[in-house]
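Please open the structure in a viewer and keep the selection tool at hand.

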Amino acid sequence: MQANMKWLDDPRVFRVGQLDAHSDHSFFAGETDYAAGSSALCQCLDGKWRFAYAVNLAARPAGFYKPDFDFSHFDEIDVPCHIEMAGYDTIHYTNVLYPWEGKQYVRPPFSGLPGAKMDGMFSEAEYSPVGCYVLPFDLAPALRGKRVTIRFEGVEQAMFLWLNGQFIGYAEDTFTPSEFDLTDAIRETGNVLAVQVHKRSSAAFLEDQDFFRFFGIFRSVKLFGLPRLHADDLHVVPDVNLDTLAGRVSVSLKLSGETDGAKADVRVLDGGKCVASAACGVADGCARADIAMPEAVTLWENHNPKLYTLEIRLYSKDGVLTEVVPQRFGFRKIEIAGGIIKFNGKRLILNGVNRHEWSMRGGRVISDADEIWDIECFKRNHINAVRTCHYPDRLSWYRRCDEAGIYMMAEVNLETHGSWFSGPVWNVPGSFPEWEAAVLDRAKTQYETLKNHTAILFWSLGNESYAGEALAKMNAYYKAADPTRLVHYEGVANAPQYKDRISDVESRMYATPEDIRRYLTEEAKKPYLLCEYMHCMGNSLGGFDSYHKLVDEFPAMHGGFIWDYIDQALLVHDEATGRDVLRYGGDFDDRSSEYEFSCNGIVFADRTEKPAIQEVRYFYGLHD
Amino acid sequence: MDCTTEKLRIVYGDATLGVIAPKFRVIFSYRTGGIESLRYDGKEWVYRTPRPTFWRAMTDNDRGCRFHLRSGCWLGADMFLDCTGKRVSIDGKAIALPEPPENNKYTGDETAETVAITYTHTTQTVPATTVAVTYTVTADRIAVHAHFCGKAGLPELPVFGMRFVMPTMATGFDYEGLSGETYPDRKCGGVHGVYHVDGLPVTPYVVPQECGMHMDTDWVAVTRDSVQDNAVHTRTPSTLRFVRDGEKFAFSCLPYTAEEMENATHHEELPPARRTVLCINGAVRGVGGIDSWHTDVEPPYHVSAEQDHDVRFAIVF
């Protein structure tokens, strides 16, 4: 197959040659690696790559992905890194308005609007930046002779991939892993990986989040060597009877490789001690176990995030251990009963924040230390919940929330605010069939990747994307795929005719206390929460008490998520004062901008707490 | 000069009224509309005459709800204030304003137990209103009372209080009140106590704006170790204390005026920090938080300019 640049223009094309999304479980070649906690089967490709920037496709170094291409004149760039932060292309912050505002007249294809066109919309645009990445590499010894996959954990906003001149695939959806099978194209040594990354594509319509608009490989890239018998996907579904605390865990595996005659040994460990186990055979590449816990289980919750460990060992037909897959999980239950969200049988109260991934030095390239600091900040300020606004985060963040007992609202990478803010004159995905598959794929990818994370209590369909058939189908997808969690979407408030089909909860943003009281006293069809409230821009967060009183007064008022956790500002050296200072939208000559509107955190961009956080600590502490 | 008695000595100057107390000396100006000099513990404490203050640097939420467009006249009132009246009383008895030639009747030997001077200021607003500021000096304190006359038709106030600008930057301040930065609608989390703050921190909101307020304060004590006086060659710390005289007050202690803050879009645009700006307020508008683009601060936290407001405190020595 050949790469086709017109895919950039076509919303119907968003994944080509990608592996199906699957659980984010880790896997080890044997007991030694597992005990050490490091897998030789994973080769991280982060580091210096070769790079060339072009303002549009026509200006890109022609054939840069071909094996005989001489890239000795290419620059060097860090992976991961935003291309803008490396000094190519303008750093740009815009909120609702699409980034082409005032520069290019763009209307989405299939929308029926007179300005709508498709071919060449981005692929032939004068301004449509391209990053050409090249990485020469040798395969690590442990991966040689094995099936090899590559996982891009975050590439903004569309990418084409070649290995040794062979086209591998195409991916959109910036914030979920994009994975490809390299087995047929890879060599033990002398490989050349080429990635062409685009700032503009039809995905731009779906990624109109209120944030800095970057592009590039901004999360890790990893190679995986797959054992000859390998668990492609793992699905762990714990269940608990809240009266008796009797627990069961159902385990489903999808295997690949030498599955004939294979066996899986499944154990449940509590604090290192095996408390239950099952052995199961493999049929049609699948294995299942349903394990009853021998004693009453301890529930997972914010103050006691009790996790059990599942250990799965795969044995080939000849009885050889090929893979160890560990997966931590907790027993917890979320449901709606009597119009109230019950968590482990008790009314759920969300002391939440919206969290963008942010670092003043790296933008959305953040570190483990940043995540650890954030969890500690949550804990000391009685924050018990996080909404991953408005896209899936780094995989490590979900694991940390599992371990810390942080209740997650996991949001699909979807926002189309610029398509309807002036009234629903035009809106994607709306009810356009041509846009449906892309957003359903985003929902599915999020679910399949993150389904085993105990911390996720809500799937959120996205943010500020209005509502139509596409959103209704996303809702139906989650309801069918996952009966163990609730579905959230706020945007249906703007299209109430879809309320019966979208969102298990009544969600609002920035509702006044009076509006909330009105809903809870006059309407109250669904439990209520605020997916965004207490807009903490600058010196703000006054009047928290008015919301807190509603939580006390109305059982169906479940609290919400403060907007938001951290200021999105960037550290820049100021020539005039010689100081390193924080800059925001418009400070990079970027227009159209919404300037300081990206700075609404309860912590500053340098991860120091804003004064207002003592108010958060106080009110969230009352319901902790 | 004999400063051992508890009597105040009065200097009926040609443009000022000087009061010499055992531990301090204060000069009230007839020209500038207030205290021109306050000498205490070897230091000058007044850079320019303290004035009533009406403005705070707009917050993002203020701008979002267009408060600045409704109440922008208070910025002008804060910057340009006309002193339109002066009254002096000695030991509780009003005297003719001792400007020349009236002051020629005095000898230089006058003393008193209480000297009070009231300045009336008229705001540059439409309609105009007045603020009366009374300083009552006794042997160990200067009591300050500022009274704002509400007037129908005036837009809401950002703040009402008194602003003291000291000649050099403080090394820090101590206060008894609530922890952290608090506002009328954001003080539930504040814990009452005695706190020390090093330096004059400006809260680093990306766009400089109103910050550093401390609600429900019993007293604040500002410490400086530097002066502008060329004849002074050492740095020794001195502390000036402001205590409540009745109701608790709100204060902020920053190196900048509201106007300097208002004018900056980034912190690096603020001038080098060199002074101490202490605002002691009797009324403070809330900061709000429902949103930053439309909704006003909740009604209980507005400051009506159609009603009277007061702030009372004393500088104690």
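Begin by selecting both chains: 34 residues of chain A are in contact with 34 residues of chain B, where contact requires that the C-beta atoms of two residues, placed from the backbone, lie within 7 Å. Helices (H or I, at least four residues) and strands (E, at least two) are DSSP runs, numbered from the N terminus. Helix 8 of chain A gives the most to this side, with five residues. By type, the side of chain A that touches chain B divides into 17 nonpolar, 10 polar and seven charged residues. Here Ala, Val, Leu, Ile, Met, Phe, Trp, Tyr, Cys and Pro count as nonpolar, Asp, Glu, Lys and Arg as charged, and the others, Gly among them, as polar.

A note on the source: this is a predicted model, in which local features need pLDDT of at least 70 and side-chain atom pairs count only at pLDDT 80 or more, while totals for chains, interfaces and linings use all residues. Residues are numbered from 1 along each chain as its sequence is written, and chains are lettered from A and ligands numbered from 1 in the order in which they are written. The predictor gives the complex an ipTM of 0.96 and a pTM of 0.97. If you colour chain B by pLDDT (the predictor's confidence in each residue, from 0 to 100), its mean is 97, and 98% of its residues reach 70 or more.

Next, select helix 7 of chain A. Which of its residues are buried? They are Phe544(A), Tyr547(A) and Val551(A); a residue is buried if 20 or more other C-beta atoms lie within 10 Å of its own, exposed if 12 or fewer, and partly exposed in between, with C-beta atoms placed from the backbone. These residues are on the same side of helix 7 of chain A because they cover an arc of only 75 degrees around the axis, the arc being that of the directions from the helix axis to the C-beta atoms. An α-helix has 3.6 residues a turn, so residues three or four places apart point the same way. The buried residues of helix 7 of chain A pack against helix 6 (513–523), strand 34 (528–533), strand 35 (557–562) and helix 8 of chain A.

Now colour chain A by domain: domain 1 (5–226), domain 2 (229–329) and domain 3 (334–566 + 601–622), with bounds from an automatic or database domain assignment. The C-alpha centres of domain 1 and domain 3 of chain A lie 28 Å apart. Their contact takes 37 residues from domain 1 of chain A and 37 residues from domain 3 of chain A.

Finally, select some backbone details. Val428(A) and Pro429(A) are joined by a cis peptide bond, with omega about 0 degrees; Pro429(A) lies in the loop between strand 30 (407–411) and helix 4 (433–450) of chain A. In chain B, a cis peptide bond joins Val126(B) and Pro127(B). Asp284(A) has a positive phi of about 55 degrees although it is not a glycine. Asp284(A) is placed in the loop between strand 19 (273–281) and strand 20 (286–292) of chain A, and is exposed, with 8 other C-beta atoms within 10 Å.
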